[in-house]
Amino acid sequence: MPDIRILSADEARAAIPALSAVLADCVAGGASVGFMQPYGPDDAEPYWRDVADAVVIGASLLLVAELEGRIVGTVQVGAAQMPNQPHRGDLKKLLVHRSARGRGLARLLMEAAEREAVRYGKTLLVLDTATGSDAEAIYPRLGWQRVGVIPDYALWPQGGFCDTTLFYKRLA
């Protein structure tokens, strides 16, 4: 049974190697999450150090999915917003290692992220994801509303333009 939990600042720092392995695997698998191939765990460490710093100051919530004590998935909620948007959070970097897919971890991570966002006073979450990706199909099944598509928003990790689809979800 997977364990989904939110990491403290100290736990986030300790988890950097495991989180780096998950991110590197996702990029190697073609996930358009901001990084270009080739991309290994060592390349991912600076990113996760920044995320841990954001956890320290309360700017981000970092959740992980563990199987048999090993981190195999993660998602973040960007909680720090401009003064006129205290109710909004940004859902970021839903990642599941390819070896752990097909077990419902993305759904469990999203449900936990939404619960934590509500605990932090968020009533609206937004996200963007690569149009046409496997990830894009997940969000409507979880009650997210598609807003639209921005063409040529980013690059696929192997190169070539990638559109992005925007989604939002109101939280109870």
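The model described here is predicted.

The volume of the largest pocket is about 1000 Å³. Its lining is made up of 44 residues, and those closest to the pocket centre are V33, L94, T129, A135 and Y139. Strand β4 gives 7 residues to this lining, the largest share. The elements that each supply at least two lining residues are β4 (88-96), β5 (124-130), β6 (145-155) and β7 (161-170), together with the helices α4 (105-119) and α5 (134-141). Sorted by class, the lining of the largest pocket holds 25 nonpolar residues, 10 polar residues and 9 charged residues.

**Cysteines**

How many disulfides does the structure hold? The number is 0. A disulfide requires two cysteine sulfur atoms within 2.5 Å. For C26, the closest cysteine sulfur belongs to C162 and lies 15 Å away, so the separation is too far for a bond. Seen from C162, the closest cysteine sulfur is that of C26, again at 15 Å and too far for a bond.

| Residue | Relative accessible area | Class |
|---|---|---|
| C26 | 2% | buried |
| C162 | 3% | buried |

Buried means under 20% relative accessible area. C26 counts as buried because its relative accessibility is 2%, and C162, with a relative accessible area of 3%, is buried as well.

Note on methods
Residues numbered from 1 in each chain as written. Predicted model: local features only at pLDDT ≥ 70, side-chain atom pairs only at ≥ 80, totals over all residues. Heavy atoms only, no water. Buried < 20%, exposed > 50% of the residue type's maximum accessible area, 1.4 Å probe, protein only. 1 Å grid on protein atoms, 1.4 Å probe; cavity = no way out; pocket = protein on both sides within 12 Å on 5 of 7 lines; lining within 4 Å. Points joined across faces, edges and corners; volume = space filled by probe spheres on them. Helix = DSSP H or I, 4+ residues; strand = E, 2+ residues; numbered from the N terminus. Nonpolar A, V, L, I, M, F, W, Y, C, P; charged D, E, K, R; others polar.
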